[in-house]
Amino acid sequence: MLETEELRKVYKGKVAVNGVNLFLERGESVGLLGPNGAGKSTTISMIASLVSPTEGDVRLNGKSVLKNPNTIREVLGIVPQEIALYPELTAYENLKFFGRIYGLKGKKLESRVQEVLSLLGLSDRQKDIVNTYSGGMKRRINIGAALLHNPEILIMDEPTVGIDPQSRSYILDMVRQLNEEKEITVLYTSHYMEEVERLCDRVYVMDHGQVIASGTKNELKSILSSEEAILIELDREYPSLTRELKGDETILQTLETNKGLKLIVPKGSRLLGKVFHIAERHEAQVINISVQEPTLEDVFLHLTGRKLRD
Ligand SMILES: Nc1ncnc2c1ncn2[C@@H]1O[C@H](COP(=O)(O)OP(=O)(O)OP(=O)(O)O)[C@@H](O)[C@H]1O
């Protein structure tokens, strides 16, 4: 349905996107995962015809979007990272304004605004000015603005950054519902791997302007079929213990987490006992120790040597 061909963007000599090939089949929910600065926003801005590529093209049902930018604007809803609303207008007035931009009028506009408000769970608050809303509610209206014209494809640029857990959960459920029930094709950009794991059938992993891996979640995780993670929860930080584990040749990677340490080890290496013993030697108080299957975060770490969020 939608594909990019060797998309490239250079800003004043700096390469932001470097030969990206993506495709989306109708009805799919696809994740675009990568750290800050990976080139995700630039890629989707080119897909939406908001930024012109230095090289490459975007094709919608086989036709060049560069040559016919209006074709994509009609079928695409794009949710930008920044809130783009009029703070002194009510939610209802904002949505009416955006609906008119899409050419909706009269009863059709009114009923579509009410449908979208209900989908957003904000019908009760529609007469309140946007300035009085929480960050999460503003985000929901921002999403609503992209849905008014009933798009076939929805592209979202990190729609849950910096909002409360309740709104986050609401947005994730809503995106799932739009994809599964309304059959909207979704491209979901995020640096939260757990969101991509929850929402998306297929994932592209981007870093430094390039796609470094792609596939279904299981395909990506199978990259790590020879590894597993040991999670150690500690009562506090133990720098000398961390140093020793980082220097241990049988441990592939040692990462500090907010609760303790995560060790990537060869599968079946039975290092649990040894790790426990080392912790004991450093008089570390172990609250919990467990073995975990790889996550998409681990896949990213394996491919780049870095965490998704630094
Ligand atoms: N308008 C611009 N002018 C110059 N450089 C830009 C511009 N937009 C993006 N860049 C640069 O291109 C690179 C990719 O940025 P982009 O915003 O696409 O990444 P991202 O993966 O979406 O990251 P984030 O999650 O922080 O938005 C970055 O190095 C960024 O500084």
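A residue is called buried if 20 or more other C-beta atoms lie within 10 Å of its own, exposed if 12 or fewer do, and partly exposed in between, with C-beta atoms placed from the backbone. This is a predicted model, in which local features need pLDDT of at least 70 and side-chain atom pairs count only at pLDDT 80 or more, while totals for chains, interfaces and linings use all residues. Residues are numbered from 1 along each chain as its sequence is written.

**Exercise 1. The whole chain**

Task: Find what share of the chain is buried, and how many helices and strands the chain has.

Solution: 
- Start with burial: of the 310 residues in the chain, 38% are buried.
- Next, the elements: the chain has 11 helices and 15 strands. Helices (H or I, at least four residues) and strands (E, at least two) are DSSP runs, numbered from the N terminus.
- Then the extent: along the principal axes, the C-alpha atoms fill a box of roughly 75 × 45 × 40 Å.

**Exercise 2. The ligand and helix H1**

Task: Work out which element gives the largest share of the shell around the ligand, and whether that element is buried or exposed.

Solution: 
- Look around the ligand: there are 13 residues, and Tyr-11, Ala-16, Asn-36, Ser-41 and Thr-42 come nearest. A residue belongs here if its C-beta atom, placed from the backbone, lies within 6 Å of the molecule.
- Two or more residues of this shell come from strand S2 (14-20) and from helix H1 (40-47).
- H1 gives the largest share, 3 residues.
- Now check burial: 8 of the 8 residues of H1 are buried, so H1 is largely enclosed by the rest of the structure. Among them are Ser-41 and Thr-42.

**Exercise 3. Helices H3 and H4**

Task: Decide how H3 and H4 are oriented to each other, and which residues make their contact.

Solution: 
- Take the axes: helix H3 (residues 91-101) and helix H4 (residues 106-120) pack at about 125°, with axes 10 Å apart. Axes are lines fitted to C-alpha atoms, for helices over the stretch in contact, and angles run from 0 to 180 degrees between N-to-C directions.
- H3 and H4 are therefore oblique to each other. Angles under 35 degrees count as roughly parallel, over 145 as roughly antiparallel, 65 to 115 as roughly perpendicular and the rest as oblique.
- List the contact: H3 brings Ala-91, Tyr-92, Leu-95, Lys-96, Gly-99 and Arg-100, and H4 brings Leu-109, Arg-112, Val-113, Val-116 and Leu-117. Two residues are in contact if their C-beta atoms, placed from the backbone, lie within 7 Å.
- Zoom in on Val-113, which sits in H4. Val-113 counts as buried because it has 23 C-beta neighbours inside 10 Å.
- Not counting residues up to four places away in sequence, Val-113 touches Tyr-92, Leu-95, Lys-96 and Gly-99.
- The C-alpha atoms of Val-113 and Leu-147 are separated by 9.5 Å, although these residues are 34 apart along the chain.

**Exercise 4. Helices H5 and H6**

Task: Find how H5 and H6 are oriented to each other, and which residues meet.

Solution: 
- The axes of helix H5 (residues 135-147) and helix H6 (residues 165-180) come within 9 Å and cross at roughly 20°.
- H5 and H6 are therefore roughly parallel to each other.
- From H5, Gly-136, Met-137, Arg-139, Arg-140 and Ile-143 meet Gln-166, Ser-167, Arg-168, Tyr-170 and Ile-171 in H6.
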